[in-house]
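The following exercises treat one protein model, each with a worked solution.

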Amino acid sequence: MAPKVIGLLGSPLHEGNTAQLMARAVQGARDAGCAVELIPVTNFDFQGCQEMFFCRDHETCVLDDDMQQMYPKFADMDGLILATPVMTMGIPGTLKSFMDRFQVFFMAKYQRKQSLVPQDRKQRRAGIFICISGMNVPEVFVGAKLTTQAFFDIIDCRYHDELLINDMDRIRDITTEPDLLDAAYKKGYTLGKSFES
């Protein structure tokens, strides 16, 4: 069976620069033999975490929205490609709310000591982080990267690799930088091939 990879798109622009980098990474993973499902977070109807703590004792969230269909997908995946722009030196709000709703996984792993990820899948799970920033300033990716690393840890997905591209206010159109699109493809391909070992 082909390894399962999720492409999690944090940008609201489904044909923008982040989406184009995601498309190349996804194609790389597919060419490496993976089955990939693209999940643009802005397409889904969900609230942010309300801290009701239902998930402290249950394997799901008390909020009945589109997140309910996400939890089994993320428990069953082998790999994750997360692509997002930086906004206000961090993760965009909709994507951050999506991540916060994985308290379901946090409580299972750290409170109940019963991870929702099957034991035989844990060791192979890996993800890559693709992030762009308009600004070309020091530490512009620090906030987004720390949040992503925490999210990967919560869902038992090793932080395998990254592609961080700044100065997009100058570049503007990622298609004028084919080397960057090729880099995204290679990251996705390498991720896909890593599941063979």
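**Exercise 1: The surroundings of Arg101**

Leaving aside residues up to four places away in sequence, Arg101 touches Phe46, Gln47, Gly48, Cys49, Cys61, Leu63, Asp65, Met67 and Tyr71, where contact means heavy atoms within 4.5 Å. The model is predicted: local features need pLDDT of at least 70 and side-chain atom pairs pLDDT 80 or more, while totals for chains, interfaces and linings use all residues. Residues are numbered from 1 along each chain as its sequence is written, and side-chain values use heavy atoms, without hydrogens and water.

Task: State where Arg101 is placed, and decide whether Arg101 counts as buried or exposed.

Solution. 
Step 1. Arg101 lies in the loop between helix 3 (93-100) and helix 4 (103-111); helices (H or I, at least four residues) and strands (E, at least two) are DSSP runs, numbered from the N terminus.
Step 2. Buried means under 20% relative accessible area, exposed over 50%, and partly exposed in between (1.4 Å probe, protein chains only).
Step 3. Arg101 has 2% relative accessibility and therefore counts as buried.
Step 4. A polar atom of the Arg101 side chain lies 2.8 Å from the backbone oxygen of Gln47.

**Exercise 2: The sides of helix 8**

Task: Determine which residues of helix 8 are buried and why they lie on the same side of the helix.

Solution. 
Step 1. In helix 8 (residues 178-194), the buried residues are Leu181, Ala184, Gly188, Leu191 and Gly192.
Step 2. These residues cover an arc of only 100° around the axis, which puts them on the same side of helix 8; the arc is that of the directions from the helix axis to the C-beta atoms.
Step 3. Asp179 and Lys186 are exposed on the other side of helix 8.
Step 4. The buried residues of helix 8 pack against helix 1, strand 3, strand 4 and strand 5.

Terms used. Expected span 1.5 Å × (residues − 1). Polar contact = N/O pair within 3.5 Å; in protein donor to acceptor, adjacent residues only side chain to side chain.
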